[in-house]
Amino acid sequence: MISENGKVAIIEKYIRRETTADTHKNEMRFYNLVKLGRREEVLAALERRGFEKNVDKPLSDNPLQSLKYHLTVTAAMLARFCIEGGMDCNRAYELSDIYIRRADRAATQEEIMQTNRDMCLDYLRHMEQLRKDRIYSKPIVMSIDYIYSNLHRRITAAEVAASVNLNENYFSKLFKQETGIAVSRYILLRKIETAQNLLKHSDYSCAEIAELLAFSSQSHFISRFREECGVTPLVYRNQHFNHMELSVD
């Protein structure tokens, strides 16, 4: 049996992450932070690991050209992630083109590094504005945080409502009004989403994942996963499993 603290640690690792391989994990996590409009964390990441230090594999014998190529890759990834986050497709690619052209004109590595920083912050500003436009009320924000923090347990709408000190009926109506789906379905979808990450990026068995996410049984987990994803967890893993990521810290 996995302890409750152990479950929390494992779920936290896979809940919203694209990968666990060190370099790739950090890159994907950074793009996701921009997509989510998480300013403080994006700024910290930019300070902690500069663009030039993150370019481990040269793409050209010319160091300046190599940085330009890497910036082009970063631009493409930022555009993709931000479009997934709701950014207008045309605007996302327009920004990408602007900064790629600016980098192409750069004569020094310092200019390219500054262009990269400006590009990341520009995408961040757009995603921050999107988040403001879609802002949830405080009780719903708190309830979503509660759900993410308790995916290792069986939680009900009544329990989530109680966590934000609201009547269950009122809370349920408010939650659906703001998110578009019922509380119980939101909980299920977050569990399935985390299960997908576990299947893609870990070697936990279906039985272990069912236990981690507090499904009543392995068969119940498989049944609900198939309903939501159209395939069984085993088929999903065979289709998506990253064989480079086998370690669980």
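Glu128 counts as buried because its relative accessibility is 18% (buried means under 20% relative accessible area, exposed over 50%, partly exposed in between, with a 1.4 Å probe and protein chains only). Glu128 sits in helix α7, residues 109-133 (helices are DSSP runs of H or I with at least four residues, strands are runs of E with at least two, and both are numbered from the N terminus). Leaving aside residues up to four places away in sequence, Glu128 touches Gly37 and Arg39 (contact means heavy atoms within 4.5 Å).

All of this comes from a predicted model, where local features need pLDDT of at least 70, side-chain atom pairs count only at pLDDT 80 or more, and totals for chains, interfaces and linings use all residues. Residues are numbered from 1 along each chain as its sequence is written, and side-chain values use heavy atoms, with hydrogens and water left out.

**Confidence**

- The protein averages a pLDDT of 84, and 84% of the residues score at least 70 (pLDDT is the predictor's confidence in each residue, from 0 to 100).
- Confidence is lowest in helix α4 (residues 51-54), with a mean of 50, and highest in helix α9 (residues 157-163), at 97.

**How α8 packs**

- Two packed helices are described by the angle between their axes and the distance between the axes.
- Take helix α8 (residues 138-149) and helix α10 (residues 168-179): their axes come within 11 Å and cross at roughly 95° (axes are lines fitted to C-alpha atoms, for helices over the stretch in contact, and angles run from 0 to 180 degrees between N-to-C directions).
- That makes α8 and α10 roughly perpendicular to each other (angles of 65 to 115 degrees count as roughly perpendicular, under 35 as roughly parallel, over 145 as roughly antiparallel and the rest as oblique).
- On the α8 side, Ile140, Ser143, Ile144 and Ile147 meet Phe171, Leu174, Phe175, Glu178 and Thr179 in α10.
- This contact of α8 with α10 splits into six nonpolar, two polar and one charged residue (Ala, Val, Leu, Ile, Met, Phe, Trp, Tyr, Cys and Pro count as nonpolar, Asp, Glu, Lys and Arg as charged, and the others, Gly among them, as polar).
- α8 also packs against α11, at an angle of about 45° with the axes 10 Å apart, so α8 and α11 are oblique to each other.
- By class, the α8 and α11 contact has six nonpolar, no polar and two charged residues.

**α11 against α14**

- The axes of helix α11 (residues 183-201) and helix α14 (residues 233-240) come within 8 Å and cross at roughly 55°, so this pair is oblique.
- α11 and α14 cross in a right-handed way.
- From α11, Gln196, Leu198, Leu199 and Lys200 meet Pro233, Tyr236, Arg237 and His240 of α14.
- Sorted by class, that contact has four nonpolar, two polar and two charged residues.

**A look at Pro233**

- Pro233 belongs to helix α14 and counts as buried because its relative accessibility is 1%.
- Pro233 and Leu199 lie 34 residues apart along the chain, with their C-alpha atoms separated by 7.2 Å.
- Not counting residues up to four places away in sequence, Pro233 touches Leu199, Cys206, Phe221, Ile222 and Phe225.

Key: Left-handed = near helix turned anticlockwise from the far one by under 90°.
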